[in-house]
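Please look over the sequence and the structure below before reading the report.

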Amino acid sequence: MPHTSEWKTHLYLFEEEHTTKARVELDTGTTRLTGHGTARCNPTDKDVPEIGDELAAARALENLALQLKRTAYGDMAAAGTAPRHDPLPAYGLG
């Protein structure tokens with residue numbers, strides 16, 4: 001059966017005092033999730049804002065991906081089709 005859907009995402013970046021923070025919001029139409037990520041510039045390094053943006057955004061997307069997997073595995077369990085092993089690490093992403 002064909003299926004098409006559109007999920008909306010927004011990525012926000014904030015920089016203050018050598019720290020970049022990212023927030024990525026996902027709206028699937030039925031679920032809303034928010035991922036967070038942070039990057040810090042070493043005071044001895046050259047300040048290149050683009051690098052902080054890239055790292056913080058990547059970390060926020062990793063965080064969002066982990067949440068989305070947890071949501072999917074929870075939905076699988078509710079449907080009686082849970083994975084046979086724990087597919088997620090026991091630790092969080094930074």
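This is a predicted model: local features need pLDDT of at least 70, side-chain atom pairs count only at pLDDT 80 or more; totals for chains, interfaces and linings use all residues.

Residues are numbered from 1 along each chain as its sequence is written, and side-chain values use heavy atoms, with hydrogens and water left out.

The protein has 1 helix and 3 strands, arranged along the sequence as β-β-β-α; helices (H or I, at least four residues) and strands (E, at least two) are DSSP runs numbered from the N terminus. Of its 94 residues, 19% count as buried, where buried means under 20% relative accessible area, exposed over 50%, and partly exposed in between (1.4 Å probe, protein chains only).

The largest nonpolar core consists of 8 residues, A22, V24, L26, L33, A39, A56, A60 and L64, and strand 2 (19–27), strand 3 and helix 1 each supply at least two residues of this core. Such a core is a set of buried Ala, Val, Leu, Ile, Met, Phe, Trp, Tyr and Cys residues joined through side-chain atoms within 4.5 Å. Leaving aside neighbours within four places in sequence, L64 is in contact (heavy atoms within 4.5 Å) with V24, L26, L33, T34 and G35.

Two residues can be set side by side by accessibility.

| Residue | Relative accessibility | Class |
|---|---|---|
| V48 | 32% | partly exposed |
| N63 | 18% | buried |

V48 lies in the loop between strand 3 (32–40) and helix 1 (49–78), whereas N63 is found in helix 1.
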